[in-house]
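Hi everyone, thanks for making time for this. Please have the sequence and the structure open while I talk.

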Amino acid sequence: MYRVVRCLVVFACFLVAPSLALAQGSLSGVVRDTSGAVLPGVTVEAASPVLIEKVRTAVTDNNGRYQMIDLRPGAYTVTFTLAGFNTSKRDGVALSGSAGSVVDIELRVGSLEETITVTGEAPTVDVSTTSRSAVLSADTIDALPSSRNYASLARMIPAAVFNGTDVGGSQLQGVGGSVQIHGSRQQDQRVTLNGINTMTLQAGGNIGGQIPDAGSATEVTVDHTAVSAELPTGGVRINFIPRDGGNRFAAAAFFTFTNGGLAGSNFTDELKTAGLTTPNEVKKNWDLNASAGGPIKRDKLWFWFSSRYIGVESWAPVARNLNEYKPAEFLYSPSTERGLLAGRSYNSSLRATWQASPRNKIAGTYKQDKWCDCPNGITAVVAPEAARDFRFPLLRQIHGEYTSPVTNKLLVEAVGMHLYERWGFMHMQAPRGSSPEFEAIAPQMISVTEQSNGLVYRAPTANNNNTRVPNFAYRAALAYVTGSHSFKTGFNRTHGYQETTNYNLNPLAFQFNGGTPNQLTMRANPVTFRNHLDNDLGIFAQDKWTLNRTTINLALRFDHFAASFPEQTVGPATFAPARNFVFPAQDNLNWNDLTYRTGLIYDLRGNGKTAVKLTFNKYLRGQTLNLLGTDPNPVNAMVTTANRAWTDGNRNFTPDCNLLNFAAQDNLAAGGDLCGALNNPLFGSAARSATFDDILRRGYGNRETNWEFSAGVQHEILPRVSLDVGYFRRIWKNFRVTDDLSVAATDYQTFSMVVPSDPRLPGGGGNRLEGLVALNQSAFGRPLLANNTLDRTYGSQQEHWNGFDVTIDARLQNGLSLQLGTSTGKTMENDCDVVSKVPEMLNVSGATGFSSVIVPGGTPTGWRPTQFCSRETPWLTQFKTFGVYTIPKAEVQVSGTFRSIPGDALRAVFNASNAYLAANSTLGRPLAGGAANIPIDLVAPYTVFLPRRNELDLRFGKVLRLGRSKYVASIDLYNALNTDVVVNANQNFAVWMRPTAILNARQIKFSVQFDY
């Protein structure tokens, strides 16, 4: 297979270089004479100051059609010339995004010296491409009230789903966040620079530490439906088109600032009654984004430099612990001082563009960033001393491009990028830097999780990590374009590695219930593992034909994904003192897949004002060194975490047992403790706790896949106003299932339980849950052997999404730009075949990103009854709008955004004790292994939601001009309605629905935009 792939790459190298046409605009049309006959051989020139080469040229074919692709955003003058006819010129043709602009011209017989000039306008209906996209120019980004990062921009699309809670830049942009659409996964998002993914090799390639800077972008394009074959995934694609500079020196700067004195209050009596003890509030934040560029040599060499400095500080909705950093105190005692979240980000980039010859352009970008969200993760259920530092001390990107319009029909492009990331969720530093006292105390602090309300305090419960991730990405493409036909072929490839050290300052963690210890966790860290991405290769070919009113798009893509693990060594740890293992190098993933894109566009009336669009596409789920890229690593397959029941008989909060003895120990009679047997005897050994079937990791067609179908109509209802209506459906296939082979389905006892009566529950509770499972005592303590395979091994698993979008887009001549739209959809899931054979799959974690349904942060793990194996969300509807308008003469700029979105789905996880089960269930015995309780989901999935969230942000700015300079001094009003909506709530039943976070209160920000 490797030889085949190598041959394909070599073949592609002869053909191609990367296709950026997915990211940039195109221009096409038909030229006729006054009788309506088509005119072949017309020379068409598109000129613009955004082109360092000044002009691009095409010639009409036998059907009178012409076409140009890969045109940078901006205003163009298009000139049509043919011997014996008047020259015709169309001014002000605006190109943006990946949409195509159509300019049809009629030439009259006449003198060559006579030129007819017509002012054009941007079309509102795209009759040349099937993809749907939103385009935000640099001017729009500057004008809108937002935090100027890609997530806050992309979430304005009516169908976009993003569960972030940032209000006006109150949070550091961090790794960016993931935007989903029409049932896509988080891992399907791609954030690109001129079409090449700039995100990390972890997390599925959808997020990363180095976020493109809005100040270095001339335009941001968000493609979200029927996306091209140039990347494998079918989610949101956010493409930053960088500024090249120009023949005139230009500069821009943006500064905004706010603090707590400019904020209102939405901490209402209702929130206090609901249990929120203190709100999350802004302390202060600022954002300075400055950029400048111009010619080093006119028409030959341009540059653009951009720098950004962001600072944020916010009060967290939790009180500091009076007992923080006191090793002998184990209970949480709230103080009157709140926890403080803080972050700083420093970004800089330099880009140069060189027109080496009339047909050869070379460009490059160097970007270096660093940032620290320190401390990070303080919430209503994470005390300040249990936070971690989220650090990215070094982020470096080197990016190079080559473009050549070899002829008027042949375009060649190539892009290469090196990205280096050093990051980690690291232990907190002393409040004011390194402190010997702090460094001495921190390792003595044992993390405690209070089971009744989910509060984590004293120290982090999760592992710390220190990671470095270098990678190389490159792609190339060749496009052959005539008037009626365009063909493109190309490849992209990524390779690199991830090296991570997991560590804890203290190897123990405790679990309390009501302040009483009931479980301890032992950890065998540190460990270091390394994952290699050997080959993420895609080769594609796509073809587009225009026949009269019909345009047909067809594409085929081949993907090869290969990953492996090098030789690795694991040394001893506190609870594994004899550990010293060497794991030999081994192969991991080896997938091969064929996917396709199909689309049809019909210009209903032939006038470019009504387009009917149909698409049917197959995509792959985003994959890098996440999930199956790291889970089979023999180091990660070791058991490094294990639990044991614990009764603290002498109430000294110290396990008075020999923890290196993994058997049960009853020392209560001697004044000690009762420590149950370790739940996994493989702890600390080299034995693998997990296996992975070849059907999951290798072969053709085994990678997680989805099909997307769309049908819609785009129509110009008024000049410069369009209506877009569409239906969308997505179907997923190839689900991962984890089956513990040490137990069978018969090792679980099925029982029912009466739900507690409680007015907070749907129907007041008291109903009976059927199909709960609990492990039998005879099966407890068997060495875990989690076999990972595909769902079809056990039957069928399903996930479908269906929905509708309606969008109105207006760009009026009076300067008003407006978009408003609504999207509604629902998700269906069914895993009944799987859970009937693998009951342990009913133990549902709170992790996100594994389905299209958004799960709020802090969702606990719990056992779901089998009666909920078939689930369906209600129709969930969003409404969004944004607009920009400058009042003439007064030159006052007014802009705003509004989002009305449904709240996230909630669970109710009840810790059913042995006593409760004895009185209210059919289990008829204590839980296995001496467990004190079992967490159980009480409500049907997707039946309880957080309140609807309505957010209105406004900006009022005064435009001032001085020569070539333009200043806009603005007042921003975020959460103008001062909504007190709850954006997250506790899902532990003892404090169920208690708010843990609300939308930040109304906030005034002052900002200044400068352009020269």
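Let me start with a term: two strands pair if DSSP finds at least two bridges between them. Strands themselves are DSSP runs of E, at least two residues long, and helices are runs of H or I of at least four residues, all numbered from the N terminus. A word on the source: this is a predicted model, where local features need pLDDT of at least 70 and side-chain atom pairs count only at pLDDT 80 or more, while totals for chains, interfaces and linings use all residues. Residues are numbered from 1 along each chain as its sequence is written, and side-chain values use heavy atoms, leaving out hydrogens and water.

So, to the sheet. In general, strands of a sheet pair through backbone hydrogen bonds, either parallel or antiparallel. Here, 5 strands make an open sheet with mixed pairing, in the order β10-β15-β16-β13-β14. The edges are β10 (132–137) and β14 (196–197), each with a single partner strand, so one side of each has no neighbour in the sheet. Strand β10 runs antiparallel to β15 (residues 217–225), with 6 bridges between them. Which residue in β15 is the bridge partner of Ser137? That is Glu219.

Now to the rings. Rings of Phe, Tyr and Trp (for Trp, the six-membered ring) pair if their centres lie within 6.5 Å; planes under 30 degrees apart are stacked, over 60 edge-to-face, and the rest tilted. That rule gives 29 aromatic pairs. One of them is Phe392 with Trp423, stacked at 5.7 Å centre to centre with 15 degrees between the planes. This pair joins distant parts of the chain, 31 residues apart: Phe392 is in strand β22 (residues 388–405) and Trp423 in strand β23 (residues 410–426).

Next, Phe561 and Trp591 form a tilted pair, because their planes meet at 45 degrees, with centres 5.8 Å apart. Phe561 is buried at 1% relative accessible area, and Trp591 is buried at 2%.

Last, a charge over a ring, meaning NZ of Lys or CZ of Arg within 6 Å of the ring centre and within 35 degrees of the ring normal. Arg458 has its charged end over the ring of Phe330, 4.0 Å from the centre. Phe330 also belongs to a cluster linked by ring pairs, together with Phe510, Phe512, Trp646 and Phe653.

Methods. Buried means under 20% relative accessible area, exposed over 50%, partly exposed in between (1.4 Å probe, protein chains only).
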